[in-house]
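Here is a colleague's note, written for someone who is reading a structure of this kind with some care. Please keep the sequence and the 3D view open while going through the points.

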Amino acid sequence: MLVVMSAVAVLLALPVAALGIGARRVATVLVYGFGLAASLASLAAALGQLLSTAGTTPAITLPLGLPWIGAHMRLDALSAFFLTVVDLGGAAACLYGLGYGRHERAPRRVLPFFPLFLAGMQLVVLADDAFTFLFSWEFMSLASWALVVADHHKGDTVRAGYVYLIMASFGTAALLLAFGLLAGPEGGYGFAAIRAAAHSPAEASLVLALLLLGAGSKAGLVPLHVWLPLAHPAAPSHVSALMSGVMTKVAIYAFVRVVFDLLGQPQWWWSMAVLTLGGITAVLGVLYALMQHDLKRLLAYHTVENIGIIYIGLGLALAFRAEGLAPAAALALTAALFHVLNHMTFKSLLFFGAGAVLTATGERDMERLGGLIHRMPVTAFAFLIGCAAISALPPFNGFASEWLTFQAVLQGPKLALWGPKLLVPSVGALLALSAALAAGCFVKAFGVTFLSRPRSRPAATAGEVDRFSLAAMLLFAVLCLLAGILPGLVIDTLGPVVGGLVGQRMPVQSVEPWLTIIPIAASHSSYNGLLVFVFITWAALTAAQVIHRWASHALRRGPAWDCGYPDASPLTQYSASGFAQPIRRVFGTVVFRATEEVRMPPPGDTGPARLEVVVKDLVWAVFYAPVAKAVGILADRLNRMQYLTIRKYLSLVFLALVILLLALELWL
Amino acid sequence: MIIDLLTQGVEMILVLAIAPLLTGFVRKVKARLLRRQGPSVWQPYRDLLRLARKEVVLAENASWLFRTAPYLIFAATWVAAALVPTFASGLMFSWAADLIAIIALLGSARFFLALAGMEVGTAFGGIGSSREAMIASVAEPAILMMVFTVALIAGSSQLSTVARFMATAEAGLRVSTGLALFALIIVALAENARIPVDNPATHLELTMVHEAMVLEYSGRHLAVIELAASLKLLLYLSLIGCIFIPWGMAASGGGITGYLIGSLLYLAKLGVLGLGLALFESAIAKMRVFRVPQFVGAALMLGLLGTLLLFF
């Protein structure tokens, strides 16, 4: 605990040092170097706590915050797991920043806030009372907001910052109300007091709704996701990685902490709400992602999908827990938490890769990229691993956690209540749909960016990025593979976390032969990532060997075949929007009201034909546009109040006083 | 232990060895149905050998991924095919992956095939990959819903357990089983690029999918991809055989006689299913490409319906 707190203190002190030093290079190295060291120290402490068998939970009370409470910090298994996620992502982002930060145009807009953002996220997962939690939460939000608007010269960034600020304030307000309800009229703000207190069903349900609004808006649940694809890509790439890979996980932490730990026994219909939201979020998120041709925005939208998958796992755990099916609940919760870790690794990796592409070419628009696998081989390799992992392909880690989620879905018939029982298979179908669409989405992302022919001069002349960035990407690529082929170790590490929340953990996996994972029983289902990996490697190598030994290994280079009509212009290739056209036609016409219009020039006109595609964001149109419009109209009306005479102002004040007094009289 | 390992090895070699024969058989039957003589059933082997001996002509801008993808596709498909019980259930490594993982392995193969289509940057490769992504986006959930139905009936997603359960009287005749069978057949047609979704016999047709993706491949690379395609067809027919007509499959440690009977029955099942495929393909016309999502979407709905019906 002392190590963790010192790490946080170092992070909090870094901005002062960064601002004090004039030289940009020194400040960059100092901030990211010390950030890396602090994250690693904190990571070691968190992992030590997670793996320790001592059963002690270190806690610390600081004389800060509200005078009669103080700031409580506690590192139990759940906090330790999420602290591991935060620190792992933070350490890699610092490593990446050591190289990437050199290209920053205005480092003073990034360097002071970056360690603060890291410290804020660590404090959120450590907090053990409502006040500290909310303070850290807001701290984290504001620090990340400052990072989002770092590149404030662009109009898009300013708009993103504005939307983010509104949504973050809204989310914090919802959480404030939720904790207010939890603390009760006596004001028991400590988590221990909240856990001990009894909450009436109506009150608990209200808290759940507020949490779905508060934590859900930070995580990116549909329809509260609108800020996310604006804000995440606007920040510098290592901050995007932190926001998408790590900060959304902190939001998941808030949800898990309150719903599974503080609220006590869930009600039966909670799972239905969470499952429905999760399923819709997963499918809509990936469909949105498929429609994008900005690489970073595609990744940000894809975060929405993964949040949906995590919420599906959490919803399943709630459903099983409500009916007392502890083993199934443990399976579902393990799957969700496993996916939390996995998404942090591959999404950070992919954002690092997008940042590397941005550094090398100055482009985020995939329609102007292509062929980078030749000029950035290491980045391309790491990005490919990330794409395979996020598309849930065996033997990588994304598949391991989705497989566990599917196993939890298969436990659905054990439920007694008809509502959740019928909902679970449908959500399973949505999950399968989103997994299949994700693979298409990343074929597009990798194929258009790294494969095919360059579509612009910067893409044709790009070079590989620096070693720090490559090291950060390769680190996560290795983790993606390791967690995929040794899922049993992760499941066992999650044991105490899950056990503390649902009262039972998944069976210990490390004793199984050949490191197989067996969630329920061997006759029911099993998966062995290690063997699958070994088999595939062996089969591929054998095939290559046999053919090269006994058949031909001659090779000749020539122009592309393309059925005899190769065209030198890179415009004849498939573009990002062209690739998504069939899917847009199949799904988009319903979901996005997508329309296509081809305008041919009249005969004799030599102008080009134009294809116009309109994709509407219905969520924005239905939920946000009316609110924005109402606020605008109201503001216009209230504007008149600025030009009243003093007499009118005085009478207004008097009127308000009378109304207030009347209300008070009626109320009491 | 050694015997178990040997049996597993025999199964891996068996699926690899008879996959081209199955493709040749289906082609031969189709040719006979059209009153053509057709090439011999051994023709696919000759094609593979010929391709393997030829030199590879590689596009100038093809990268290392283009050259490794065929082997990865082949490896993933072969491992998946070897994990489906053929003549015996409960072989040594049958627990390494359940049905969901087998489907996902095919997904891995498809992922790399689609990337290979995008690699050289030609219009044909792009069209193939893009359409493959569209078809897969419906076909994959459809087959997973089929898996759900079967897994809920048998109480397991482990194929060996499913095969053993489906052979008992307890499995019985259910509406859900029938729906699942229909769903699997539709998905098998779509995934193997058969008529009515795609035409395996054409090149240079604007509606093609699979052939468009592999257009730039030649020589040994093409041979490996063709072999993987044959393996995939074999896998789907074995899957139908293993889940819906599991009778006669030997149990693990069933002795040589059991294995022999199982193998003969397995070949017979493949023959019947191949015949059915050839008949169906000859009797139906190819669909417009944007009808395909509806056709495969029907499988998704059948699978979901099959699952939901189990609760009543």
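The points below take up the contact between the chains, then the cavities, and then some details of the backbone.

1. Before anything else, please bear in mind that this is a predicted model, and that the values in this note are computed from it.

2. The contact between the two chains takes 82 residues from chain A and 78 residues from chain B. The size of an interface is often given as the accessible area lost when the parts come together. The area buried between chain A and chain B is about 7000 Å², and carbon and sulfur atoms give 74% of that area. On the side of chain A, Arg556(A), Arg557(A) and Tyr574(A) supply 9% of the area that this chain buries against chain B, which is more than any other three residues.

3. Sorted by class, the side of chain A that touches chain B has 54 nonpolar, 22 polar and 6 charged residues.

4. Side chains of opposite charge can pair when their charged atoms come close. Over all chains the structure holds 17 salt bridges, whereas the count between chain A and chain B is 1. In that bridge, the side chains of Arg556(A) and Glu55(B) meet with N and O atoms 2.8 Å apart. The pair crosses from Glu55(B), in the loop between α2 (43–53) and β1 (56–59) of chain B, to Arg556(A) in strand β3 of chain A.

5. Rolling a probe the size of a water molecule over the atoms shows where empty space is left. Helix α4(B) gives the most, with 4 residues, and the lining divides into 10 nonpolar, 2 polar and 2 charged residues.

6. The second largest cavity has a volume of about 110 Å³ and is lined by 16 residues, of which Ala439(A), Gly440(A), Arg110(B), Ala133(B) and Ala136(B) lie nearest its centre. Which helix gives the most to this lining? The answer is α5(B), with 6 residues. By class, the lining has 9 nonpolar, 4 polar and 3 charged residues.

7. Most residues other than glycine have a negative phi, and most peptide bonds are trans. The bond joining Pro394(A) and Pro395(A) is cis, with omega about 10°, and Pro395(A) lies in the loop between α15 and α16 of chain A. In chain B, the bond from Ile195(B) to Pro196(B) is cis, with omega near 10°, and Pro196(B) lies in the loop between α7 (175–191) and α8 (210–213). Asp562(A), although not a glycine, has a positive phi of about 50°, and this residue lies in the loop between β3 and α22 of chain A.

How values were computed
Residues numbered from 1 in each chain as written. Chains lettered and ligands numbered in written order. Predicted model: local features only at pLDDT ≥ 70, side-chain atom pairs only at ≥ 80, totals over all residues. Heavy atoms only, no water. Helix = DSSP H or I, 4+ residues; strand = E, 2+ residues; numbered from the N terminus. Nonpolar A, V, L, I, M, F, W, Y, C, P; charged D, E, K, R; others polar. 1 Å grid on protein atoms, 1.4 Å probe; cavity = no way out; pocket = protein on both sides within 12 Å on 5 of 7 lines; lining within 4 Å. Points joined across faces, edges and corners; volume = space filled by probe spheres on them. Contact = heavy atoms within 4.5 Å. Buried area = accessible area lost by both parts, 1.4 Å probe. Salt bridge = Lys/Arg side-chain N within 4 Å of Asp/Glu carboxyl O.
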